[in-house]
Amino acid sequence: YAWTQKADLGGIDRQAAVGFAIGSKGYISTGLNNESVILLKDLWQYNSNSNTWTQMADFGGTARVSAICFVIGNIGYVGSGSDGFPNLNYVNDFWAYNPDSNSWSPIATFPGTARYSGTSFSLESNGYFGCGWANGFFNDFWEYNSITDTWTAKPNFPGSPRNPTCFADGRYGYMGAGEAYSVFSDFWKYDNITNNRTQIADLPQPAYEPTSFVLVGKGYVGCGSSSQSFSDMYNYWWS
């Protein structure tokens, strides 16, 4: 359980970007440089073997902040978010990134309400996206079928409407913690075969804007803050 600092991102500093992995490569794109109030659409690829970053083809949509992403097979999908800041302009377009051709292609537009700061993961050939905020918090939940290029509404997330964090272990998707008008610690497991959710153990500390990933069969959640004021920043991790 040791952390090792790696090469800095090749692009400029940013927040609320998207990050995903395809094969042995990591990718970071979009986000906001708050110092200059610049929205971004550059895409950077991380090679863990050489510990280097390489700039790839810019994201196919408009520059934006608080987009979401998921990966199906060897294709990365990025969409939603706001392409305006500080005057927000929510968008619902989605794009597919093919690392073999280093190119972006538009896919079916998200049919729900445009928003930012949603949550997303993938299971098998499907992507899942829901919750988030646009003049109020959501708890709706949607499935993207990459074979038919269609979106289907699924049963709502059973927790309070919010911006949760999430991860998927290949069989189930997990969503929880996050914030709305308070900070939460509850977590839920989603079974895409039965469409059912089961509440699992709470995160030991409520967390505002935590981050998460899966590694060797375990989910990890950490960082974030105890409140929306960011008065108490976390660096803890839980598995």
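V216, in the loop between β19 (211-215) and β20 (218-222), counts as exposed because its relative accessibility is 78%, where exposed means over 50%, buried under 20% and partly exposed in between, with a 1.4 Å probe and protein chains only. The model is predicted, so that local features need pLDDT of at least 70 and side-chain atom pairs count only at pLDDT 80 or more, whereas totals for chains, interfaces and linings use all residues. Residues are numbered from 1 along each chain as its sequence is written, and side-chain values use heavy atoms, with hydrogens and water left out.

Together with W3, F213 and L215, V216 forms a nonpolar surface patch with about 490 Å² of accessible area (residues with over 30% relative accessible area and no salt bridge, nonpolar side chains being joined within 5 Å; Shrake-Rupley areas, 1.4 Å probe; a salt bridge places a Lys or Arg side-chain nitrogen within 4 Å of an Asp or Glu carboxyl oxygen).

The structure holds 34 aromatic pairs (ring centres within 6.5 Å; planes under 30 degrees apart are stacked, over 60 edge-to-face, the rest tilted). One of them, F110 with W142, is edge-to-face, at 5.4 Å centre to centre and 75 degrees between the planes. Because F110 lies in the loop between β10 (103-106) and β11 (119-123) and W142 in strand β13 (residues 141-145), this pair ties together parts 32 residues apart in sequence (strands are DSSP E runs of at least two residues). Both F110 and W142 are buried, and they belong to one aromatic cluster that also includes F70, Y77, F94, F129, Y144 and W151.

Charged ends also sit over rings (NZ of Lys or CZ of Arg within 6 Å of the ring centre and within 35 degrees of the ring normal): that of R115 is 4.2 Å from the ring centre of F138, and that of K189 is 4.4 Å from the ring centre of Y172.

Definitions and conventions:
Rings of Phe, Tyr and Trp (its six-membered ring) pair if their centres lie within 6.5 Å; planes under 30 degrees apart count as stacked, over 60 as edge-to-face and the rest as tilted. Helices (H or I, at least four residues) and strands (E, at least two) are DSSP runs, numbered from the N terminus. Patches are made of residues with over 30% relative accessible area and no salt bridge: like charges are joined within 9 Å, nonpolar side chains (Val, Leu, Ile, Met, Phe, Trp, Tyr) within 5 Å.
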